[in-house]
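Hi,

Here's the structure I promised to pass on.

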Amino acid sequence: MASVKNEIELFKQFDDLDQESKYLAHKAKDAAGHAYAPYSKFAVGAALILDDGTVVTGSNYENAAYPSGMCAERVALYAASAQHPGRRIMKLVVVAKRKGGKELVPATSCGPCRQVMLEFESNQSKPFEVVMQGDNHIWIKAPSAASLLPFAFTRDHLDTHHKP
Ligand code: THU
C-alpha cells in the first residue's frame, strides 16, 4: 500500500518539488499576471488541480474599498466549485510576485484562506495538498488544509449537540 505523508515537507529548491507541483506553480505564476493589485502591488496566483486533471486558477482582486478585495486562493477555490461542482481538489499551489518583478516571492496563505481551504477539504472528506513559498526561498508542501490550521473552528462547533 502506498504510504500517505502526514507531515509538512520543506524543500530548499523549487526544482526539488514534484512535477505536478511545479506544473501548477507555473500555472499559478501565469494567473498572478492577471492579478488586479494596484494598491498592494503584490500579485498572487493560485492554481489547483481536480481529480479529473482540470486546472483552475485564481488571482487576487483588490478594490478601492479595501476589504472588498479577494485573495487568489479563494478566487480559485470558489471558481472551481462554481464551475466543477462535486469534483475533488487534489492540490493547490500558491505563488506571488511584486509588480514589475520577475522572481517569485514568499507568500503563505492568510488565515481566512486556510479557513476556506479547510471547509472545502472537510466537504470532500479527502485532504488536498497545499504548496507555497515560505521565507528564505523554502517551498512548503502541506499534506492537507487541516495541517495548516490547528484547533480550527468548523461546522461541528455550530452543531447544537456538540459537546465541548
Ligand atoms: N493575498 C493573496 O491573494 N493571497 C495570499 O496568500 C496573501 C495575500 C493578496 C491579498 C492582497 O490583494 C495582497 O495579496 C496583499 O495582501
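**What I found**

The protein chain has 3 helices and 6 strands (DSSP runs, numbered from the N terminus: H or I of at least four residues for helices, E of at least two for strands). Along the sequence, they come in the order β-α-β-β-α-β-α-β-β.

Before you go further: this is a predicted model, where local features need pLDDT of at least 70 and side-chain atom pairs count only at pLDDT 80 or more, while totals for chains, interfaces and linings use all residues. Residues are numbered from 1 along each chain as its sequence is written, and side-chain values use heavy atoms, with hydrogens and water left out.

On the overall picture, the C-alpha atoms fill a box of roughly 50 × 45 × 30 Å along the principal axes. Of the 164 residues, 40% count as buried, meaning under 20% relative accessible area (1.4 Å probe, protein chains only). Contacts (heavy atoms within 4.5 Å) with a separation of 6 or more are 64% between residues 24 or more positions apart.

Ser109 is buried, because its relative accessible area is 4%. Its side chain makes a polar contact with the side chain of Glu73 at 2.7 Å (a pair of N or O atoms within 3.5 Å, one able to donate a hydrogen and the other to accept it; residues adjacent in sequence count only if both atoms are side-chain atoms). Beyond its neighbours within four places in sequence, Ser109 is in contact with Glu73, Val94, Arg114, Met117 and Met132.

Cheers

Definitions and conventions
Buried < 20%, exposed > 50% of the residue type's maximum accessible area, 1.4 Å probe, protein only.
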